[in-house]
Amino acid sequence: MLPLFIILPVSMTDQRFLSLPHEGLSLRHYAALFASGEWFASIAQSFWIACASTILAVSAGTLFAIAAWRINRRATELLRALMLLPLIVPSIVYAIGLYRYFGWWDLLDRFAGVVIAHGVTGIPYVVITVSTALASFDVRLEQAARGMGASLRQVLAWVILPRIMPGIVSGAIFAFIHSWDELVIVLFIASRDVFTLPRRIWDGINENQDPIMAAVAMLLIVFTTLLLVVDLAVRRRRDG
C-alpha cells in the first residue's frame, strides 16, 4: 500500500517533474489537469468504453451464469471454466491474439474493438459474482412462482433477477474497474483514434514524467475506492 500513499504528496509537488515536494505543496498540477483538453478527452473515452464494455460483460455473464445454474450438469462446469479463461490467460497473450483477428475484422483502433475486448475480459468477474449469488438462491421461490402460473420470462424478471441483483451490481463494478484500468490490450489494438486514460499515462511516463500523471493517479484511486465502497454496501445489504 506504500506506493499509493506516496502518490498524494507527489501529485502536490512544486516541481516540474515527478518528485516529492521540495519547498511546499502545490495544486498547480491538478489545475493543469482540469484545464487540459487532451487529458479530459482520454478520461471521457475511458469512461464510455468502460460503460459500454460493462453492459456487454453484465449481459453475457449474467445470462451464462443463470443458464449454467439452471442446467447444472458436468458440461456446464467445462463451459464455466472456459468463461474464466480471460482471467487465466496472460493479458499479453490475449492481446497478441486480438491484434491478429481484429486486423482481419478492421477493429484495430476502433471504439467497438476496445469495447468488445474489455467486455469479453470483464465477463469472468460477472460470472463469478452472479454464480455466487445464485448459489444462495432459494429454488422454492422459482417453484412457487411457476406453480402460480408465471412464465419463464416472468420468473426471470420478477423472481430471479431481483434476488441476485447484488451479485450483478458487484460484477458490474469489477468489470467497470477492469476496463477503466486496462492497458496491455489497448497498447496492442489502439493507437491514435482510441487513446484511453491508462494509455495516456503510459505515454506520459515514457516521454516527460509530467506530475499531472500523479494527479490523475490520485483521482483514479479516489474513484476506484468509491466504487469499492459501493460494492461493499451492496454486499452488506445482500447479506443483511
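1. Basis. The model is predicted: local features need pLDDT of at least 70, side-chain atom pairs count only at pLDDT 80 or more, and totals for chains, interfaces and linings use all residues. Residues are numbered from 1 along each chain as its sequence is written, and side-chain values use heavy atoms, with hydrogens and water left out.

2. Largest pocket. The largest pocket holds about 220 Å³ of space. A pocket here is an open set of points on a 1 Å grid over the protein atoms alone, where a 1.4 Å probe fits, with protein on both sides within 12 Å along at least five of seven lines; lining residues have an atom within 4 Å of a point. The volume is the space filled by probe spheres set on the points.

3. Pocket lining. Helix H11 (197-207) and helix H12 (212-239) each give two or more residues to this lining; helices are DSSP runs (H or I) of at least four residues. The lining residues include Ile 7, Leu 18, Asp 181, Trp 202 and Met 213. By class, 11 are nonpolar, none is polar and one is charged.

4. Aromatic pairs. The structure holds 10 aromatic pairs (ring centres within 6.5 Å; planes under 30 degrees apart are stacked, over 60 edge-to-face, the rest tilted). Phe 47, Trp 48, Phe 176, Trp 180 and Phe 223 form one aromatic cluster.

5. Tyr 101 and Trp 104. This pair is edge-to-face, at 5.2 Å centre to centre and 85° between the planes. The two residues are about one helical turn apart because they lie three residues apart in helix H6 (residues 91-104). Tyr 101 is partly exposed at 44% relative accessibility, and Trp 104 is exposed at 56% (buried is under 20%, exposed over 50%, partly exposed in between; 1.4 Å probe, protein chains only).

Terms used. Nonpolar A, V, L, I, M, F, W, Y, C, P; charged D, E, K, R; others polar. Phe/Tyr/Trp six-rings, centres within 6.5 Å; stacked < 30°, edge-to-face > 60°.
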